[in-house]
Amino acid sequence: MKEQLKSLSKDTMTYGLMIVISRFLTFALSLLYAHDLTTAEMGNLSTVLTLVLFSGILAAFGMEAGFFRFFDKEKPEENRRLFSNAYLTIAITSFFLSLILFLFAEHISELITDNAYGLPMIRYAAWIPFLDSIMLIPYAYLRMVNRTREFTITRFSVTVIAAGLSLLFVIVLKQGPTGALKAQFISSFIGAAVLFRHLLKNKLFKYDFSLYKKMLVFGLPTIPASLSAIILQISDQPLIKFLIGGEEGSSQTGIYSINYKLGIPMMFFVTMFEYAWKPFYLNHRKDENAKDIFARVLTYFTLLASLIFLLISLFIDHIVQIPLSSTRTVIPAEYWQGLSIVPFVLLGYYFNGMFTNFTSAFYITKKTKYLPIAIGVAAIFNFTSNIIFIPIYGYIAAAYNTLLAYMISAGLLYYFQRKIYVVNYEWGRIFKIVFSTGSIYIINYYFNNFENVLTDILFKTFLLCLHVILLRLLGFYSKSEISEIKRIAKR
């Protein structure tokens, strides 16, 4: 088990390094946008990006999931057919979807934006789903053949290009939110062009309808699941905009969007884990101790998530006030009113990570029909509760509802998992982590009344150390884990 967990850790770090840097660049750009765009402009940009994400899910047509499931390293010729079928299907569906968005750009801009720059925004945004979608299968291929370096460098390069162009268009040339979408369009075009060589390498421009049918049967049920996941993740932002309405709706969407992004450390962690997790469990699903490994992975995932949660939730009020210049802080003061949602965002990402962990059972057993049920119920709850409570409580309600929805999706998926692929997770150890984390958070909430900044930081640092000590007192660590920690500490 130790060697297998090391393999997962290595892949997580390999994928994670470039992903973290890439996502951090995107995050940093959002913070820069907050200084150069109004809260209303940020809200409109967020709404258009939501349209891009929804369109991307439809454009993929479930082919990425099918590619992952039927890929077999020992059958290279079949993998070529698999690659061609998936790539060509996505290229065709995504092209026509983007064409429709482009042709109806004027009507769409009137519907989802409230400024004059809405039309050029939609015209650039229309083609991003097509360009991003035709990169999916080459990226999936690189992951399955363990070419992690090429995968991460390519994705990182595309992100750097997008970041550089965004700085040029938005910050230097002052082209507003249209500049942000123009930058994304150009960088996606370059990425698609670079990865096109993998189609040429694996080309078999002949449809294998038998294989296509299998991929479709497996992949189509993942589309509702993916759409529901997007509803879970970002539908709250356009709902804030439309339910509150007008300039105030756009402004609250902008404030919510920026503060939601402050949960990015947990998102980094979950994303890193997800990229490494799927190839890991598919490659190790036949191991004799596979279920024991999967159980231990969730325990360690929770432990690391607890450290991230405490670090960010305890120090976020200091982080946002870090000066970047004589006139700028990490985020402008007008956004600080939304900091109260950050702990809920962090917890939401954690439960999303639990959901990701549980999905292994359904891909291993090929019973993906349960995925849209679990996510769909959670998405319906999130959508309905947001419609009810956002007009009353604003974006605070959206943060609460999203956390509850993530908890529902993870809980339902675990319930279904018990029926088809039983994994005896270490719930006793996980509860100790939750108890310790909750205790530390409550102590800070009720007993931290220090006005002096240095004293406050020292107290919170002590609480972080106390979390590790409390876990030791609760008997969380096994003897082998204590020995391993000591060995690492002596290096």
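**Figure 1. Secondary structure and overall dimensions of the protein chain.** In this predicted model, the protein chain has 22 helices and zero strands. The radius of gyration is 23 Å, which agrees with the value near 23 Å that a compact globule of 491 residues would have. Along the principal axes, the C-alpha atoms occupy a box of roughly 65 × 60 × 45 Å. Of the 491 residues, 54% are buried. When contacts between residues at least 6 apart in sequence are taken, 82% of them join residues at least 24 apart.

**Figure 2. Surface and charged side chains of the protein chain.** The accessible surface is about 22100 Å². Carbon and sulfur atoms account for 67% of this surface. The chain carries 44 positive and 29 negative side chains. The centres of these two sets are 10 Å apart.

**Figure 3. Aromatic pairs, with the rings of F476 and Y477.** The whole structure contains 38 aromatic pairs. In one of them, the ring centres of F476 and Y477 are 5.2 Å apart and the planes meet at 80°, so the pair is edge-to-face. Planes over 60 degrees apart are counted as edge-to-face. Both F476 and Y477 are buried.

**Figure 4. A cluster of aromatic rings.** Ring pairs connect F269, F273, W277, F280, Y281, F294, F301, Y350 and F351 into a cluster. Phe, Tyr and Trp rings are paired if their centres lie within 6.5 Å.

Figure 5. Helix α4 spans residues 76-103 and includes I90. The relative accessibility of I90 is 0%, so this residue counts as buried. Y275 lies 185 residues from I90 along the chain, and the C-alpha atoms of the two are separated by 21 Å.

Figure 6. A125 belongs to helix α6, residues 118-133. With a relative accessible area of 2%, A125 is buried. Residues up to four places away in sequence being left out, A125 touches V48, V52 and L181. A125 and H35 are 90 residues apart in sequence, with a C-alpha to C-alpha distance of 23 Å.

Figure 7. S188 is part of helix α9, which covers residues 176-201. The residue is buried, at a relative accessible area of 1%. Apart from neighbours within four places in sequence, the contacts of S188 are I128, L131, D132 and M135. T253 is 65 residues from S188 in sequence and 26 Å from S188 in space, C-alpha to C-alpha.

**Figure 8. K174 in the loop between α8 and α9.** K174 sits in the loop that joins α8 (148-172) to α9. Most residues other than glycine have a negative phi. K174 is not a glycine, yet has a positive phi of about 55°. K174 counts as exposed because its relative accessibility of 55% is over 50%.

**Figure 9. Helix α12 and the glycine that follows.** Helix α12 runs over residues 236-244. Its buried residues include D236, Q237, P238, L239, I240 and K241. G245 comes after α12 and has a positive phi, near 85°.

**Figure 10. Q321 in the loop between α15 and α16.** Q321 is located in the loop between α15 (290-319) and α16 (342-358). Its relative accessible area is 43%, so Q321 is partly exposed. Not counting residues up to four places away in sequence, Q321 touches T329 and W336. Q321 and P332 are eleven residues apart in sequence, and 8.5 Å separates their C-alpha atoms.

Figure 11. N444 is within helix α20, residues 427-447. N444 has a relative accessible area of 12% and is therefore buried, the limit for buried being under 20%. With residues up to four places away in sequence set aside, N444 touches L314, F459, K460 and L463.

Key:
Residues numbered from 1 in each chain as written. Predicted model: local features only at pLDDT ≥ 70, side-chain atom pairs only at ≥ 80, totals over all residues. Heavy atoms only, no water. Helix = DSSP H or I, 4+ residues; strand = E, 2+ residues; numbered from the N terminus. Rg over C-alpha atoms; globule rule 2.2 N^0.38 Å. Buried < 20%, exposed > 50% of the residue type's maximum accessible area, 1.4 Å probe, protein only. Contact = heavy atoms within 4.5 Å. Areas by Shrake-Rupley, 256 points an atom, 1.4 Å probe, with all protein chains shown as cover. Lys, Arg positive; Asp, Glu negative; His and termini not counted. Charge placed at Lys NZ, Arg CZ, Asp CG, Glu CD. Phe/Tyr/Trp six-rings, centres within 6.5 Å; stacked < 30°, edge-to-face > 60°.
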